[in-house]
Amino acid sequence: MNNAIELNGVGWKAGKGFELRDLTLRVPTGSIYGFLGPNGSGKTTTIRLFMGMMRPDRGDIRLLGKQVPRELPRILARVGFVPERPHVYPALTVGEALRYHASFYPSWDRSWSGDLMERLDLDPVRKISRMSKGETGKLLLLLALSQRPDLLVLDEPTDGLDPVVRRDVLTAVLDYVSETSATVFISSHLIHELERFCDWVGVLDGGQLVAELPMQSFKNGIKRIRVSNAPHVPGDTPFVILRRSGIDALGAMETWTVRGWQDPMRQYFEGVGATLRDVIDLDLEEGFVELLRSARPNNHRS
Amino acid sequence: MYQPMLFIHWKQASWPLLPISVAAFGLPLLSVQGMGGNVGEEGLFAAAYSPLAVIGLPLYPILAFLTGAALALTSWNWDHQQNHVYALSLPLARWEYAMLKMGAGAVLALIPVTALWLGAHVASASVTLPVGLSAYPNELGVRFLLAVALSYALFFAMAAGTMRTNLWIVSAAISALVIGVPILASFGFADAALQFLWRPGGPFEVFTGNWALIDV
Amino acid sequence: MSSILQSGVRGLVFVTSLCVVAPTTASAEQSTPDITDEQFIRRIEALVPEYESARAAREARIQALREAERGSVPLDTVQFGPLRVVTLQGNVDRTRALFEDTWNESFSGLEVSPSLARHLFTFQWRARVQRLAFAADPNQQVVAIQLSRARVPTADRAKAEIRDALSRSVLADFPSGSPMSAWLTARGYPRSVDMYRLVALANVGATRQCLSGDAGACGAALGIGFGDPGAEISAWFEPHQRLEMVQRAVASRDHLETDDALVRSCIDLNDIAACDSLLARLDWVSWVPVSDRLRAHALWLAVSVGGSGAWGRALERADAPIVDVLEHVSGLSIQEFLTVWREELIRNRPDARAGFGGRGSRVLAWSLIFMAFAMRSTRWRLA
C-alpha cells in the first residue's frame with residue numbers, strides 16, 4: 001500500500017451548482033498532505049467523499065488500501081477525523097465525550113489520552129457548550145488522536161483559532177506524526193500555516209485539482225521571470241507557463257509566471273532567441289495565487 | 001458501545017421522560033379518585049355512573065403515544081443538530097448505529113412503563129372492589145408497553161429518515177385523509193377507510209379498545 | 001302563475017308585511033304612541049292566514065314531488081306476520097330476512113299488538129334517498145329504518161335498528177296512566193351486555209346485591225318492589241338516595257302529598273327514618289335511581305321468555321301492577337323471573353379486560369416493520 005488516500009476520477013455534483021470534476025488525488029502513506037484551496041473550492045466535499053459520508057456520482061475511492069464505502073467501518077476504525085465544524089454533543093462534558101468516543105475504538109489509548117488532555121489544558125468536567133472555540137478545537141483533536149489513528153484527517157482544524165491554540169494544535173499533530181509515522185491529511189486555505197510541515201500539497205479550485213506536488217517543488221518551483229524578445233509561441237518548454245503578462249509598450253519585455261522552474265532551464269531562452277532578464281522568487285502565497293489564476297477560465301495565456 | 005449510547009440518550013431524554021413517568025404513575029391513581037376508597041359509596045346519585053377507572057381514560061393511549069414520540073425524537077435530536085457528521089465518522093455500520101440507539105430507547109421506555117405498572121398496582125390496592133368488578137394492573141401495564149413500543153418504533157423510523165422522506169410521508173397521509181377518505185365515503189366505505197388504521201390487525205389497533213384499569 | 005311562484009309571492013308578502021309592520025309599529029309607537037298592544041296583536045293575527053295558506057301550498061308541492069319521485073324509485077312491500085315493510089325492490093330479500101330473524105329472536109309474541117298494526121315500516125339497507133315516497137294510509141304511523149350511507153352496513157346493526165323501532169312501536173299498547181306506562185319511561189331495546197355493565201357500575205347497593213345473587217335486590221333495582229323494606233332498603237340504598245327517592249315521589253304529585261307530616265320531616269329535616277316509612281308505602285312504583293333502560297330490558301326479556309302469546313298476555317293485564325304483568329308475560333313467578341333476569345345479565349358479562357391477549361404479537365409485528373424502515377433510512381449520507 002503506497003497511498004493512504006486514493007481518489008480516481010471522482011465526480012460529484014450538487015444539483016445545478018457546484019461540481020467536483022474528475023478528481024484524482026493521491027496521498028502517500030506517511031506523508032503530511034496539505035490540501036489547499038480557497039473557500040468554496042470543494043475541500044470539505046472531497047473529505048466527506050473519501051470519508052464515506054457522501055456518495056460520489058462516479059469514480060473510485062480507496063482509503064488505507066480499502067474500498068470505500070464497502071469496508072467503511074473497518075477503515076474508519078483507523079481514521080481520526082476532525083471536522084470543519086464541531087460535531088460533538090454539546091450537553092456532554094469533556095470526560096463524557098471522551099468516554100463515549102472511546103467506546104467505539106478498540107485502539108483507544110486511555111493513558112495517552114489523559115496525558116494529551118493535560119497538555120492541551122482541557123478540563124474533563126467542563127461542559128462542551130460552555131467551551132470556547134479554541135477549547136472545542138483542542139477537544140476535537142484530542143478525540144481524534146486518542147484513538148491512535150493510522151490516518152488523521154483534519155478539515156480546517158485551526159480555522160478561527162487564536163495563534164496560541166493554533167500552535168498547540170499543530171504541535172500536537174506533529175508530535176503524534178513523529179511518534180507514529182501516521183499519515184496526515186490537512187485541509188486549509190491558510191497556505192503559510194501548511195508551509196512549515198506539509199510534505200505534499202494539493203491545490204483545489206472550483207472543484208478541480210489544479211496541482212498536486214511535493215511542498216518543496218511548490219515552494220521553490222514557482223517563479224516570476226522577466227523575458228525580453230520572448231517568442232510568440234513558446235513551443236515546448238521544460239517548465240509550465242502559468243501566465244504571460246506585462247508586455248510593455250515596445251513589446252520587448254514580458255513577465256512570465258512559471259511552475260517547475262529549475263536553474264538549468266535558462267538554456268531554453270538561448271535556444272529560442274530570447275533573453276532571460278530576471279528570476280524573481282515568489283512566496284508561497286503568491287505562488288498559490290498564481291496557480292489558482294492559471295487554473296481559472298479567464299486566465300491570460302498567450 | 002451500548003452503555004455510552006444509553007447514557008447519551010438518557011442525557012437527551014431525561015427532561016421529557018421524568019414528567020412522563022410521573023404522569024404514568026399518577027394516571028391510574030387519578031382514575032380511581034372519586035371512588036372514596038370503596039367503590040359504590042361515593043359518586044353520583046342518578047343513573048349508573050362509570051368511574052373513570054372503568055370507562056378507561058383516553059389519556060392512557062395518548063400518554064403512550066407521547067412517550068414513544070419523545071423517546072424517538074430525543075434519540076435523534078443531537079444527530080440532526082450536528083448534521084449526522086459524528087455518526088457518519090464512527091467505525092460502525094449504519095444499521096448497527098441505529099440498532100444501538102433503538103435499544104437504548106427501548107430500555108429507557110421501561111421507566112414510564114414501570115411507573116404506570118406500579119401506579120396501577122397501587123391504585124388497585126387502594127380501592128375495595130365490589131362483586132362484579134376486577135382490577136387489571138398487569139394487563140394495563142402490558143398494553144401500555146405495547147403501545148409505547150409501537151409509537152417508539154414509528155417515530156424512530158421517521159426521526160431516522162431525512163426531512164424529505166418525512167415530508168413525503170406526511171404529505172401522503174394528509175392526501176389520503178383529505179382526498180382518499182371523501183372518495184371512499186362516497187362509495188360508502190368511510191367506515192372502512194377511517195377504521196383501517198384502528199381496526200383489528202391495523203397498525204394502531206393497540207391504541208383503541210378497553211384501557212380500563214378496573215372493569216366489569 | 002305556478003304554485004311555487006304563488007307560494008313564494010305569498011311568503012314574500014308575509015315577510016314584507018312584517019318588515020313593514022314592525023318599523024311602522026315602531027314609528028307608529030314613536031309618532032302615535034297611543035296604539036295598544038291589542039291592536040298590534042290583531043294586526044299580526046290578520047297576517048297569519050296568509051302564512052298558513054303559503055305553507056299549505058308548499059306542503060302540497062312537496063307531496064307532489066314525492067309522488068313524482070316515487071315513480072323513479074321502485075319500491076316493494078314485504079309482509080311478515082303483522083309487519084308491513086316498504087323497501088326498495090332490490091332489497092326485498094334482505095329486508096325479509098332481517099325482519100324475520102329479528103322477529104323470531106325477540107318479538108315472536110308481539111303479533112297481537114294493536115299498536116304494531118297501526119305502524120308501517122320503511123327500510124333502507126343503505127340510504128339511497130332521503131325518504132321513500134309512497135302513498136301511506138294517513139291513519140298509519142310510518143317508521144323509517146335506514147342505515148347511514150357513510151357507514152358500512154352490517155346485519156347486526158340493521159337488526160339493532162329494527163329491534164329498537166319495533167319495541168318503540170308497541171309500547172303504546174299500555175294505556176296512558178297504567179302502571180306499566182309509568183314504569184316504562186325508557187324506550188328502545190337495550191342490549192344485555194350494556195345492561196350488565198350498567199348494573200355492575202351502578203352506584204346502588206341493590207344492584208351490587210342483585211349481582212351477588214339476591215333476587216329481592218334485583219327487584220329493588222328494577223323498582224318493582226322492596227320486599228321487606230325495613231330490613232333491606234337501608235342495605236340497598238344510601239340515606240341520601242332514599243331521601244332523593246322521596247323527593248321524586250313528591251315531585252310526581254301522585255303518590256306523596258307535600259303536606260304529609262312524614263314528608264316534611266323527611267325532606268325538610270332529613271329524617272331518614274321518616275323517608276324509609278314513606279318508601280314503605282310505595283309498593284309498586286319506585287323512584288329508584290337506576291337507569292330506565294334496565295326496566296325496558298326486563299320487560300323484553302319477559303316477552304322473550306314468555307314465548308308465543310307473551311305480548312297478548314301483557315295486553316290482558318295492561319292495567320295491572322308491574323309484578324303481575326311480568327309474571328303473566330313470562331309465565332314465571334316474580335322470584336323466578338328475577339333470577340332469570342339476573343342470569344341473563346351475568347351470561348352477557350363482557351369480555352372486558354384491559355389486556356391485549358394474543359393481539360400483542362400483531363403489535364410487535366408492526367413495531368418490527370417500523371424498525372426495519374429505520375434501518376433502511378437514507379439519512380446515512382450527507383447531501
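# Questions on a predicted three-chain model

Me: Is B:Lys101 buried or exposed?
Reply: In this predicted model, the relative accessibility of B:Lys101 is 3%. Buried means under 20% relative accessible area. B:Lys101 therefore counts as buried.

Me: Which residue has a side chain joined to that of B:Lys101 by a polar contact?
Reply: B:Lys101 has its place in helix 5 (residues 94-126) of chain B. Beyond its neighbours within four places in sequence, the residue touches B:Met5, B:His9, B:Ser75, B:Trp76, B:Asp79, B:Tyr152 and B:Phe156. A polar contact of 3.1 Å joins the side chain of B:Lys101 to that of B:Asp79.

Me: What pattern does chain B follow along the sequence?
Reply: Chain B holds eight helices and two strands. Of its 216 residues, 53% count as buried. Read along the sequence, the pattern of chain B is α-α-α-α-α-β-α-α-α-β.

Me: In chain B, what share of the contacts with a separation of 6 or more comes from residues 24 or more positions apart?
Reply: The contacts in question have a separation of 6 or more in chain B. Residues 24 or more positions apart account for a share of 80%.

Me: How far apart should the ends of helix 6 of chain A be at 1.5 Å a residue?
Reply: Helix 6 of chain A has 18 residues, 163-180. The expected span is 1.5 Å times one less than the number of residues.

Me: Within what arc do the buried residues of helix 6 of chain A fall?
Reply: The buried residues of helix 6 of chain A are A:Val165, A:Val169, A:Leu170, A:Ala172, A:Val173, A:Tyr176 and A:Val177. Seen down the axis of helix 6 of chain A, these residues line one face, because they fall within an arc of 150°.

Me: Which residues are exposed on the other side of helix 6 of chain A?
Reply: The buried residues of helix 6 of chain A are covered by elements including strand 3 (32-36), helix 4 (110-119) and helix 5 (133-146) of chain A. On the other side of helix 6, the exposed residues are A:Pro163, A:Arg167, A:Ser178 and A:Glu179.

Me: Which residue has a side-chain oxygen that reaches the backbone nitrogen of A:Val164?
Reply: The contact lies at the start of helix 6 of chain A. The side-chain oxygen reaches to within 2.9 Å of that nitrogen, and it belongs to A:Asp162.

Me: Which strands stand at the edges of the open sheet of chain A?
Reply: Six strands of chain A form an open sheet in the order 6-7-8-3-9-10, with mixed pairing. Two of the strands have a single partner each, so one side of each is left without a neighbour in the sheet. The strands at the edges are strand 6 (79-82) and strand 10 (208-214) of chain A.

Me: Which residue of strand 9 of chain A is the bridge partner of A:Leu36?
Reply: Strand 3 and strand 9 (residues 200-205) of chain A run parallel and are joined by four bridges. In strand 9 of chain A, the bridge partner of A:Leu36 is A:Val203.

Me: What angle does the direction of helix 10 of chain A make with that of strand 9 of chain A?
Reply: Helix 6 of chain A packs on the sheet and touches strand 3, strand 7 and strand 8 of chain A. Helix 10 (residues 284-295) of chain A also packs on the sheet, touching strand 3, strand 9 and strand 10 of chain A. The direction of helix 10 makes an angle with that of strand 9 of about 45°.

Me: Which residue does a cis peptide bond join to A:Val68?
Reply: The residue lies in the loop between strand 5 (66-67) and helix 2 (72-76) of chain A. Omega of the cis peptide bond is about 10°. The residue joined to A:Val68 is A:Pro69.

Me: What is the relative accessible area of A:Asn229?
Reply: A:Asn229 lies in the loop between strand 11 (223-228) and strand 12 (240-245) of chain A. Its phi is near 55°, a positive value in a residue other than glycine. A:Asn229 is partly exposed, because its relative accessible area is 48%.

Methods: Residues numbered from 1 in each chain as written. Chains lettered and ligands numbered in written order. Predicted model: local features only at pLDDT ≥ 70, side-chain atom pairs only at ≥ 80, totals over all residues. Heavy atoms only, no water. Buried < 20%, exposed > 50% of the residue type's maximum accessible area, 1.4 Å probe, protein only. Arc of directions from axis to C-beta. Contact = heavy atoms within 4.5 Å. Polar contact = N/O pair within 3.5 Å; in protein donor to acceptor, adjacent residues only side chain to side chain. Pairing = 2+ DSSP bridges. Axes fitted to C-alpha atoms, helices over the stretch in contact; angles between N-to-C directions.
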